[in-house]
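Please examine the structure shown below.

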Amino acid sequence: MNRDKLMQQLEETTPWDVIIIGGGATGLGVAVDSATRGFRTLLLEADDFAKGTSSRSTKLVHGGVRYLEQGDIPLVLEALRERGLMHQNAPHLVHHLSFIVPRYQWWEGPFFGIGLKVYDALAGKLNLAPSRLLSREETIARIPNIEQDKLLGGVEYFDGQFDDARLAVTLVQTAVHHGACVLNYCKVTGLTKENGLTNGVTFLDTETGTTHTATAKVVINATGIFSDSIRLLDDPAATRAVQPSQGVHLVFDRSFLAGNSAIMVPHTDDGRVLFVIPWHGKVLVGTTDTAMDHADLEPRAMKEEIGFILRNAARYLSHDPEEKDILSVFAGQRPLVRPPGKDGGATKAISRNHEVLVSDSGLLTIVGGKWTTYRKMAEDTLDHAITLGGLADRPCVTGNLQLHGWRAPNAPALPEGFSVYGSDAAKVGALMEAEPALAAPIHPRLAYPMAAVVWAARHEQARTLEDVLARRTRILILDAQAAIEAAPEVATLLARELHKDTAWAENQVREFTELAKGYLNHG
Ligand SMILES: Cc1cc2nc3c(=O)[nH]c(=O)nc-3n(C[C@H](O)[C@H](O)[C@H](O)COP(=O)(O)OP(=O)(O)OC[C@H]3O[C@@H](n4cnc5c(N)ncnc54)[C@H](O)[C@@H]3O)c2cc1C
């Protein structure tokens, strides 16, 4: 995936069938759907792929036990189906995880036990494994450091877990493989129109400072929490379609959660859901749900959010995590659909968890949803785009599309740090054979080799130090201090790969260190 080649493709193609604004889960899913239906597809991302909400999730591929409790069966059914497809199509990035709901009250056994049997039944043949009641002894055996005081037992069920930013880069690779032009660091600054109808975009390549124009039969706004800013470019009178809602996660050393199961707390002290999850050798705990009055690409956790998570985690863990134990704090904002009836004049087709809005000028906006349902959201969006743009009516093929790096689920396990590359793992290994220094770990506390830096620059469109340390590897959110310590060496290697000079590398280290301080609890 060479940026120069993609830029050349950009110059040579006009018009596009579909232009997508935004390179998070939603936009990248649309790009894969559009390219695999054979449409000429351009995606423009202002920053890096998954820089926004899509690298800041809880990393669950789930039907949503919570929605079941709310009685939203269609939503759960759709998400459970997508959970199965995501595992089928990207088994190198999505795996099954055991969740245990601890029981401290007598009624919790029958209540959660029956609820989770319904969850199993709704998944049908895509169910991962049956849920079951666990005795107190079994629960302690699974989670040795669960809070044992008054513990009666647990209920175990299964859901999926994944690496969100790695899936995003996999979608980029898949879309490019199918002929799409997918570019990061290209910010859409305006929409072009003919006879009042949107027919393209103007955008700024933020690396070179050059402005470009591209035309298309359909323009799709997939900018998540920023959707309203694009809707305003289209129509200065557009009303708000999105409500950002902030969620925070804290990351701790793995010793806080022994065993291989996650803990799911259905009701925190203020009635929310809390997860304690093993992930890439650390433990993620979250999340919160705070309505925000503006969208933020790099949101910061509030003191109350950190306090809420620490307080509730302490109720379920025998060794209470404290502020000093936090390895990283990360926050993201959900692009929630604002209640219906508030988008004055726009035509809209509503689905349960996401909405496709069509403005008077024909700008298509896709909002809401979640990572788990990204594929279905893309399918719905493209179905609308075909009608709107008069495109050839070709069926969606992503239900059975193996994503880049697909590897048989029963293939021998890859070493830690390599599994996310799937079928590319051997090629990353070959880099280390050719240059043994690349076999060294990026940081002694984490499993990523220096070869990951070279691979990211050559094959994953990594353009900055942050791209490598936050999203191609996940070091920033796993251990922010380790990311700061690794920054100079990684920047030097990245500069070599991208043909940049020492001043560039030093500037990258300065900028990244400033950003990473915000992920340290004392930042
Ligand atoms: C705390 C939290 C936990 C979550 N946990 C889960 C979970 O466990 N499982 C699950 O399924 N879902 C989860 N979700 C939901 C999921 O993460 C989101 O639904 C999804 O990532 C949204 O993706 P998106 O592409 O719509 O938005 P984003 O990822 O924010 O992408 C939008 C992109 O548009 C770009 N952009 C903005 N303006 C422009 C412009 N002018 N030109 C070009 N590009 C532009 C931005 O830079 C950004 O990259 C969670 C969400 C949060 C916040």
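T287 lies in the loop between β14 (282–286) and β15 (290–291); helices (H or I, at least four residues) and strands (E, at least two) are DSSP runs, numbered from the N terminus. A cis peptide bond joins T287 to G286, with omega at about 20 degrees. The model is a predicted one, in which local features need pLDDT of at least 70 and side-chain atom pairs count only at pLDDT 80 or more, while totals for chains, interfaces and linings use all residues. Residues are numbered from 1 along each chain as its sequence is written, and side-chain values use heavy atoms, with hydrogens and water left out.

Another cis peptide bond links T14 and P15, where omega is about -10 degrees. P15 belongs to the loop between α1 (3–12) and β1 (16–21).

Two residues other than glycine have a backbone with positive phi. K59, in the loop between β2 and β3, has a phi near 70 degrees. K59 is buried, at a relative accessible area of 0%; buried means under 20% relative accessible area, exposed over 50%, and partly exposed in between (1.4 Å probe, protein chains only). Q461, for its part, has a positive phi of about 55 degrees and is found in the loop between α12 (451–459) and α13 (465–472). The relative accessible area of Q461 is 3%, so this residue counts as buried.

The loop between β2 (41–44) and β3 (60–61) also holds S55, which is buried at 5% relative accessibility. The side chain of S55 reaches the backbone oxygen of G52 at 3.4 Å. Beyond its neighbours within four places in sequence, S55 is in contact (heavy atoms within 4.5 Å) with A50, D164, A165, R471, R474 and I477.

D164 and A165 both belong to helix α7, where they are among the buried residues. Helix α7 covers residues 164–177 and spans 20 Å from its first C-alpha to its last, close to the 20 Å expected at 1.5 Å a residue; the expected span is 1.5 Å times one less than the number of residues. Twelve of the 14 residues of α7 are buried. Just after α7, G179 takes a positive phi of about 100 degrees.

Turning to the cysteines, a search of the whole structure finds zero disulfides, a disulfide being a pair of cysteine sulfur atoms within 2.5 Å. For C181, the nearest cysteine sulfur is that of C186, 8.2 Å away. C181 is buried, with a relative accessible area of 0%, whereas C396 counts as partly exposed at 21%.

Which elements each supply at least two residues of the lining of the largest cavity? They are α2 (25–36), α4 (73–89) and α10 (374–389), and α4 gives the largest share, four residues. On a 1 Å grid over the protein atoms alone, a cavity is a set of points where a 1.4 Å probe fits but cannot get out, and a pocket is an open set with protein on both sides within 12 Å along at least five of seven lines; lining residues have an atom within 4 Å of a point. The second largest pocket is lined by 34 residues, of which H92, H95, H280, E416 and S419 are the closest to its centre. β4 gives the most to the lining of this second largest pocket, with three residues.

Note on methods:
A polar contact is a pair of N or O atoms within 3.5 Å; within protein, one must be able to donate a hydrogen and the other to accept it, and residues adjacent in sequence count only if both atoms are side-chain atoms.
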